[in-house]
Amino acid sequence: MILHSDQGSVYASKAFNDLLPMYVSRSMLRAGTPTDNAAMESINGWIKAELFMEFHVTGEKPVEQEIDEYIVFFNEQRLAYSLNYLTPKQYRETHAA
């Protein structure tokens with residue numbers, strides 16, 4: 001698994017980088033270039049906002065479980081304006097080749 005991030009203070013901190021190799025490999029954007037990976041920047045923003053504001057993450061469940069539940073929500077329940085108000089799963093099923 002690879003964690004791709006910007007060079008924010010959290011991701012560049014010594015404590016974070018000492019712990020990270022036990023779980024994943026690290027990939028980091030060039031400084032000051034958020035457009036290098038605009039799609040991931042966007043999804044990271046949604047995840048942060050929706051996990052904490054709508055899912056009310058409390059830390060009682062493992063992070064992996066919270067993320068897995070969010071992925072199911074995002075793909076199967078969350079309507080997307082850019083997909084004509086279909087979920088990604090509905091869009092894929094409707095437009096499959």
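**Exercise 1. Find how confident the predictor is in this chain, and where confidence is lowest and highest.**

Solution. The mean pLDDT (the predictor's confidence in each residue, from 0 to 100) of the protein chain is 81, and 90% of its residues reach 70 or more. This is a predicted model: local features need pLDDT of at least 70, side-chain atom pairs count only at 80 or more, and totals for chains, interfaces and linings use all residues. Residues are numbered from 1 along each chain as its sequence is written, and side-chain values use heavy atoms, without hydrogens and water. Now go by element. α1 has the lowest mean pLDDT, 72. Helix α5 (residues 88–95) has the highest, 94. Where pLDDT is low, the predicted coordinates should not be read in detail.

**Exercise 2. Describe how α3 packs against α4.**

Solution. Start with the angle. It is about 110 degrees (on a scale from 0 to 180, between N-to-C directions), and the axes, lines fitted to C-alpha atoms over the stretch in contact, lie 11 Å apart. Therefore α3 is roughly perpendicular (65 to 115 degrees) to α4. Next, list the contacts (heavy atoms within 4.5 Å). α3 brings Ile43, Trp46, Ile47, Glu50 and Leu51. α4 brings Glu66, Ile67, Tyr70, Phe73 and Phe74. Last, sort them by class: eight are nonpolar, none polar and two charged. Here Asp, Glu, Lys and Arg count as charged; Ala, Val, Leu, Ile, Met, Phe, Trp, Tyr, Cys and Pro as nonpolar; the others as polar.

Note on methods:
Helix = DSSP H or I, 4+ residues; strand = E, 2+ residues; numbered from the N terminus. Parallel < 35°, antiparallel > 145°, perpendicular 65-115°, else oblique.
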